Amino acid sequence: MALGYVRPARPEDAGEIARIQLATWRVAYRRILPRHVLDNLDEAWLARRWSAAVQEPPSGTHRVLVAVEQAEQSYLVGFAASGPADAEALAPGEPAETLGSDVVAVTDLLVEPRWGRRGHGSRLLAACVDLWRSDGFARAVAWAFDADAATRTFLTSTGWELDGAGRALDVDDMLVPQVRLHVAVPTEPVAPPDSTVPAEPVAPAEPA
């Protein structure tokens with residue numbers, strides 16, 4: 001019987017986080033981002049970035065969590081990263097004070113496609129919410145590609161809503177529209193629901 005759980009990322013997880021990010025982007029974004037951009041992503045460079053994020057976070061409220069499936073062996077199957085909302089969470093021309101100090105931004109929420117529909121996305125999100133609540137955040141935001149129906153469906157199924165903000169990322173001279181979603185951080189613990197939708201990527205602020 002397989003068991004799933006979430007824990008804080010460790011330095012030795014950086015390489016596997018990078019592999020999951022790369023594998024998931026190449027599946028989930030293959031019709032959204034230019035193929036050559038996805039093909040040219042450098043896994044070693046991503047691993048160095050994740051190593052820094054885990055070992056030297058900008059603050060104590062910048063967090064990287066990993067989802068683990070444990071059967072006869074343990075497999076790292078997904079991860080989530082979040083931190084206080086900064087300029088990267090803003091829409092173009094949006095005043096900085098729009099997202100106050102009580103707002104947290106999700107920069108990544110990924111479950112490798114072959115491990116989808118097993119509750120890992122819901123467990124990651126529930127674990128994040130518990131930490132956001134303990135850190136004093138009242139609201140969370142996340143950007144998703146407008147064409148990424150899986151991410152939007154997953155988030156809206158857990159109570160997230162579009163907040164009306166939009167932007168377009170310039171990815172190698174191709175403008176890719178994004179929309180922003182938000183949700184109030186509940187004041188009481190909420191049990192993670194059974195996941196019936198795979199947690200595809202929540203788009204990062206800037207594609208690597």
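Student: How much space lies in the largest cavity?
Tutor: About 30 Å³. Keep in mind that this is a predicted model.

Student: How many cavities of 30 Å³ or more does the structure hold?
Tutor: One.

Student: How does anyone find empty space like that?
Tutor: Rolling a probe the size of a water molecule over the atoms shows where space is left empty.

Student: Which residues line the largest cavity?
Tutor: The lining is made by Arg63, Leu65, Ala80, Ala81, Ser82, Cys128, Leu131 and Trp132.

Student: How do the lining residues divide into nonpolar, polar and charged?
Tutor: Six are nonpolar, one is polar and one is charged.

Student: New topic. At what angle do α1 and α3 pack?
Tutor: About 125 degrees. Helix α1 covers residues 14-28 and helix α3 covers residues 43-55. Their axes are 8 Å apart.

Student: Why are they called oblique?
Tutor: Angles of 65 to 115 degrees count as roughly perpendicular, and those over 145 as roughly antiparallel. The angle here is about 125 degrees, so α1 and α3 are oblique to each other.

Student: Is the crossing left-handed or right-handed?
Tutor: Right-handed.

Student: Which residues make the contact?
Tutor: From α1, Ala14, Gly15, Ile17, Ala18, Arg19, Gln21 and Leu22 take part. From α3, the partners are Glu43, Leu46, Ala47, Trp50 and Ser51.

Student: What kinds of residues are those?
Tutor: In the contact of α1 with α3, seven are nonpolar, three polar and two charged.

How values were computed. Residues are numbered from 1 along each chain as its sequence is written. This is a predicted model: local features need pLDDT of at least 70, side-chain atom pairs count only at pLDDT 80 or more; totals for chains, interfaces and linings use all residues. Side-chain values use heavy atoms; hydrogens and water are left out. Axes are lines fitted to C-alpha atoms, for helices over the stretch in contact, and angles run from 0 to 180 degrees between N-to-C directions. Helices (H or I, at least four residues) and strands (E, at least two) are DSSP runs, numbered from the N terminus. Angles under 35 degrees count as roughly parallel, over 145 as roughly antiparallel, 65 to 115 as roughly perpendicular and the rest as oblique. A crossing is left-handed if the near helix is turned anticlockwise from the far one by less than a right angle, and right-handed if clockwise. Contact means heavy atoms within 4.5 Å. Ala, Val, Leu, Ile, Met, Phe, Trp, Tyr, Cys and Pro count as nonpolar, Asp, Glu, Lys and Arg as charged, and the others, Gly among them, as polar. On a 1 Å grid over the protein atoms alone, a cavity is a set of points where a 1.4 Å probe fits but cannot get out, and a pocket is an open set with protein on both sides within 12 Å along at least five of seven lines; lining residues have an atom within 4 Å of a point. Grid points are joined across faces, edges and corners, and a volume is the space filled by probe spheres set on the points.
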